[in-house]
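Take a moment to look over the fold before reading on. The paragraphs below then go through it piece by piece.

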Amino acid sequence: MLDSQASLGARGAQDTAPPVRRRKRGDELRTAIHTAVLDELREHGFAALTMDAVAARAHTGKTTLYRYWPSKIELVVDAAESSMSQIDTPDDDGDLRGQLLAVLRQVSSDLGGPAGQAVRHLIAELVQSPELTRALRPFTEDPVIPPILEVLRRAAVRGHIPVAALTPRVAGVGPDMLRAHAVIKATPIPDSVVVEIVDLVLLPLLRGYREPLTGQNT
């Protein structure tokens, strides 16, 4: 009888024991780390983000973070880039306006998502900290520039815009305006804003673009 009660007690203790946390590995661990980084950015900002806090939130060790990301900057950039959607280049249907709208609408949608919220916090800090901007610059590339440049290249081939307009600075005007709107006004970004940027800024700029004078600052 005592043995039976002891056995029942042991089983009851096992039933109430806290579950053993399964160790994350591979893609699951990477996703958990990226999510932890974005949560820390949203809640505390880049300056206050630490490797210790990310490791604790992702339920992993700090040594694991440093094994793949030598610094906080590289970790944050990787998390932000991996969490944003791939910007697709629209099919060439001959409609420059429609293709620009298609690309910028993808950017607008990304900025309105959870990852976009963290990126907006990061952009706001970059505006206030030239030192942080310089530190991040070697690790960042704007993923929107190649799709827009391809849209512009095809329009230039058709003779719809000058070839001189095919520069990263021109291609970055629309995405930069959307990011500025997102930081200042927050999101979601109304589609009317995307349309205004294309119709009132980009198309007049592209169609009236002229080659800069030699030696002139750009």
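Predicted model: local features only at pLDDT ≥ 70, side-chain atom pairs only at ≥ 80, totals over all residues.

Residues are numbered from 1 along each chain as its sequence is written, and side-chain values use heavy atoms, with hydrogens and water left out.

Start with the whole chain. The secondary structure comes to 12 helices and zero strands. Helices (H or I, at least four residues) and strands (E, at least two) are DSSP runs, numbered from the N terminus. Of the 218 residues in the protein chain, 37% are buried. Buried means under 20% relative accessible area, exposed means over 50%, and partly exposed is in between (1.4 Å probe, protein chains only). Now take contacts, meaning heavy atoms within 4.5 Å. Among those between residues at least 6 apart in sequence, 66% join residues at least 24 apart.

Next, go to helix H3, residues 51-58. Met51, Val54, Ala55 and Ala58 are buried there. They sit on the same side of H3, because they cover an arc of only 100° around the axis. That arc is taken from the directions from the helix axis to the C-beta atoms. The buried residues of H3 pack against helix H2 (26-44), helix H4 (62-68) and helix H5 (72-83).

What comes just after H3? His59 does, with a positive phi of about 60°. His59 is a residue other than glycine. It lies in the loop between H3 and H4. His59 has a relative accessible area of 46%, so it counts as partly exposed.

Move on to helix H6, residues 96-111, where Arg97 lies. Arg97 is partly exposed because its relative accessibility is 34%. Which residues does Arg97 touch, leaving aside its neighbours within four places in sequence? They are Val195, Val198, Asp199 and Leu203. Arg97 and Val195 are 98 residues apart in sequence, yet 9.3 Å apart in space, C-alpha to C-alpha. The side chains of Arg97 and Asp199 are joined by a polar contact of 2.7 Å. A polar contact is a pair of N or O atoms within 3.5 Å; within protein, one must be able to donate a hydrogen and the other to accept it, and residues adjacent in sequence count only if both atoms are side-chain atoms.

Gln99 also has its place in helix H6. Is Gln99 buried or exposed? Gln99 is buried, because its relative accessibility is 2%. Its side chain makes a polar contact of 3.2 Å with the side chain of Asp92. Leaving aside neighbours within four places in sequence, Gln99 is in contact with residues including Pro90, Asp93, Val151 and Arg158.

Finish at the cavity. The structure holds one cavity of 30 Å³ or more. On a 1 Å grid over the protein atoms alone, a cavity is a set of points where a 1.4 Å probe fits but cannot get out, and lining residues have an atom within 4 Å of a point. Grid points are joined across faces, edges and corners, and a volume is the space filled by probe spheres set on the points. The largest cavity holds about 60 Å³ of space. Its lining includes Leu100, Ile148, Val170 and Gly174. Helix H12 gives the largest share of this lining, three residues.

Definitions and conventions: 1 Å grid on protein atoms, 1.4 Å probe; cavity = no way out; pocket = protein on both sides within 12 Å on 5 of 7 lines; lining within 4 Å.
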